[in-house]
Amino acid sequence: MASKSASSLLTLYLTLGSFCLGKTADMSAFNNPSHGPPASDFAAADSLPTSVFRAAAAAASVVPKDATYPFSLGNSETSTIHSDWVSFKEGAALSWVADMDVDCDGVNHKCEGNRDGQPQTNWGALSAYAVPYIVIPDRFLAANKDILPGNNIAAVICNGKMYYGILGDSNGDEPQITGEASWLMARTCFPKEDLQGNNAHSSKDVTYILFTGKDAVLPDNAMDRTYITDFDTLRSMGDKLVRALASNMNISASSESAATSLWAGRGGPVMMIVVLFCAVLVTLAL
C-alpha cells in the first residue's frame, strides 16, 4: 500500500496535470461544510473600487415590478431590488442591499439548521458547500425571466470585500425574502459568525450586484448540475462585467495591471510553481 504522502503527491500531480491540460477538476472533494473552495477562487480583483460600488448601489432608485421584499420572516423591514443599471449595453445589472441568510437547497439541503431545504436548485442541484451562489425571490425571477435566464454572474460585496458567484436558486416561501446566499458564500463573507441554516448575518450591509442578459451567464463548460468546475472563467467574467459596469458609471478603477493582480493577488509563489509544472508537462509531451 502506498504511503499517505505518496498518495497526496499523486493527487496533487493529477490535479495540476488536469489544470495544465485544460481539463476541469473533480470538485466533489469540496462538497464539505468546512472545506469548500478557497475564497481566492472566486474573489474579485483587488484593483476594483469595492467601496464605490457599495455607495452607488445604496444610492440606486429605479424600482422595477415586484421588487420589494422583507429581509427575513417576521421582519417588517424591506429591501428593494433596483434596476438603475439594466439598460447598459455591457455590464448591465440589478442591485440591492440586504442581510445574508444561508440557503442550502440542492445536494446539501440537510445542512445544519436547515428546516425546509429542497433537493433541487432552480437550474440543477447545486452544492451549497462548494458553489458561491445567491438567491432571488421567485416572484421577481418570474417577472424578469428575459434578463435572468439562470446562472447569471453575481458580485457580492460583504465585509469590505467582493466575491463572485452565480444566480443559483430562487426563494418561494411566503413571504418571499431577499438577502440569501449559499453556505459557501455566507461563510466566506463572514467566517467568524458560524452562519448556518438557522443563523443568519442580520446586519443589512451586504451589496448584491446581479448581472443581466445571456452574455452574463456562466457557460455550461464551466459548470455542471452540482459544481462550478472552472473558477478561472467565473473570475474573468466577473472582473470583465464589473469593469464594464464601472466604465458605464464613470467609476475609475486603479491602473494595477492584470499581471500584478495574478501574481500578487492570486498567491504568487503557488502560481509560479503551477506555471513551471505546466512548462515541464508541455516539454515532456513534445
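Here are some questions and answers about this predicted model.

Reader: How many helices and strands are there in the chain?
Author: Happy to start there. The chain has 286 residues, and 48% of them count as buried. Among contacts with a separation of 6 or more, 74% are between residues 24 or more positions apart. As for the elements of the chain, there are seven helices and nine strands.

Reader: What share of the residues score at least 70 in pLDDT?
Author: Over residues 1-23 the pLDDT stays under 50, and the model has 14 contacts beyond four places in sequence for them. Residues 254-286 also have a pLDDT below 50, with 33 contacts beyond near neighbours in sequence. Across the chain the average pLDDT is 84, and the share of residues that score at least 70 is 79%.

Reader: Why should I be careful with those two stretches?
Author: Residues 1-23 stay under 50 in pLDDT, and residues 254-286 are below 50 as well. Where pLDDT is low, the predicted coordinates should not be read in detail.

Reader: Is Phe53 buried or exposed?
Author: Phe53 is found in helix 2, residues 50-58. Leaving aside neighbours within four places in sequence, its contacts are Ile157, Met162, Ile209, Val242, Leu245, Ala246 and Ile251. The relative accessibility of Phe53 is 1%, and the cut-off for buried is under 20%, so Phe53 counts as buried.

Reader: What distance separates the C-alpha atoms of Phe53 and Met162?
Author: Met162 is one of the residues in contact with Phe53. Along the chain the two are 109 residues apart, yet their C-alpha atoms are separated by 9.9 Å.

Reader: How many aromatic pairs does a search of the whole structure find, and what are the details of the pair of Phe42 and Tyr163?
Author: The search finds four aromatic pairs. For Phe42 and Tyr163, the ring centres are 5.7 Å apart and the planes stand at 55°, so the pair is tilted. Phe42 lies in the loop between helix 1 and helix 2 while Tyr163 lies in strand 7, so the pair ties together parts that are 121 residues apart in sequence. Both residues count as buried, Phe42 at 0% relative accessibility and Tyr163 at 6%.

Reader: Which residues form one aromatic cluster?
Author: Phe42 also pairs with Phe231: their ring centres are 6.2 Å apart and their planes at 40°, so this pair is tilted. Phe231 lies in helix 5, residues 231-248, and Phe42 in the loop between helix 1 and helix 2, so the pair ties together parts 189 residues apart in sequence. Phe231 counts as buried at 7% relative accessibility. The residues of the cluster are Phe42, Tyr163 and Phe231.

Reader: The charged end of which residue sits over the ring of Phe71?
Author: The place to look is strand 9, residues 201-211. The distance from the charged end to the centre of the Phe71 ring is 5.1 Å, and the residue is Lys204.

Reader: Which peptide bond is cis, with omega near 0°?
Author: Most peptide bonds are trans. Here the place to look is the loop between strand 7 and strand 8, where Pro175 is found. The cis bond runs from Glu174 to Pro175.

Reader: Asn159 has a positive phi; is this residue buried or exposed?
Author: Most residues other than glycine have a negative phi. Asn151, in the loop between helix 3 and strand 6, has a positive phi of about 65° and is buried, with a relative accessible area of 12%. Asn159 has a positive phi of about 55° and lies in the loop between strand 6 and strand 7. With a relative accessible area of 53%, Asn159 is exposed.

Conventions: Residues numbered from 1 in each chain as written. Predicted model: local features only at pLDDT ≥ 70, side-chain atom pairs only at ≥ 80, totals over all residues. Heavy atoms only, no water. Pairing = 2+ DSSP bridges. Helix = DSSP H or I, 4+ residues; strand = E, 2+ residues; numbered from the N terminus. Buried < 20%, exposed > 50% of the residue type's maximum accessible area, 1.4 Å probe, protein only. Contact = heavy atoms within 4.5 Å. Phe/Tyr/Trp six-rings, centres within 6.5 Å; stacked < 30°, edge-to-face > 60°. Lys NZ or Arg CZ within 6 Å of the ring centre and 35° of its normal. pLDDT = per-residue confidence, 0-100.
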